[in-house]
Amino acid sequence: MTTPKAPAPTRGYTATKEQLQVRLRRIEGQVRGVQSMVEEDRYCIDVLTQISAIQAALDKVALGLLDDHVGHCMSHGRDEGREDEVRMEMMAAVGRLMRRG
């Protein structure tokens with residue numbers, strides 16, 4: 001006998017999950033395109049331009065997730081008396097996003 005699967009928790013991005021997945025699939029396609037460009041020995045600057053576009057697209061996704069986190073998860077954390085914990089968690093995530101190269 002199998003046990004019923006627990007429902008997925010509600011996340012800040014749950015309402016826009018389908019749109020988020022579409023964006024991520026588009027980014028995945030862009031990454032595959034860069035891989036093809038390298039295989040085809042395309043001009044370095046063209047490859048770098050595409051990488052920059054991918055980074056910008058990922059940044060847009062990340063900012064959307066942060067916005068969702070503030071609106072949903074931090075609100076719930078505050079209601080549960082965990083405001084400092086979720087604030088520190090978010091600031092650590094922002095710090096990781098800002099550290100590049």
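Two exercises with worked solutions follow.

This is a predicted model, in which local features need pLDDT of at least 70, side-chain atom pairs count only at pLDDT 80 or more, and totals for chains, interfaces and linings use all residues. Residues are numbered from 1 along each chain as its sequence is written, and side-chain values use heavy atoms, with hydrogens and water left out.

**Exercise 1.** Determine which residues are linked with R82 in a network of salt bridges.

*Solution.*
Step 1. A salt bridge is a side-chain nitrogen of Lys or Arg within 4 Å of a carboxyl oxygen of Asp or Glu. The structure holds five salt bridges.
Step 2. R82 meets E80 in one of them, at 3.0 Å from N to O.
Step 3. R82 also forms a salt bridge with E85, with the closest N and O atoms 3.0 Å apart.
Step 4. E80, R82 and E85 are therefore linked in a network of salt bridges.

**Exercise 2.** Classify R82, E80, R42 and E40 as buried, partly exposed or exposed.

*Solution.*
Step 1. Buried means under 20% relative accessible area, exposed over 50%, and partly exposed in between (1.4 Å probe, protein chains only).
Step 2. R82 has 31% relative accessibility, so this residue counts as partly exposed.
Step 3. E80 counts as exposed because its relative accessibility is 52%.
Step 4. R42 is partly exposed, at 41%, whereas E40 is exposed, at 52%.
Step 5. R42 and E40 also form a salt bridge, and their closest N and O atoms are 3.8 Å apart.
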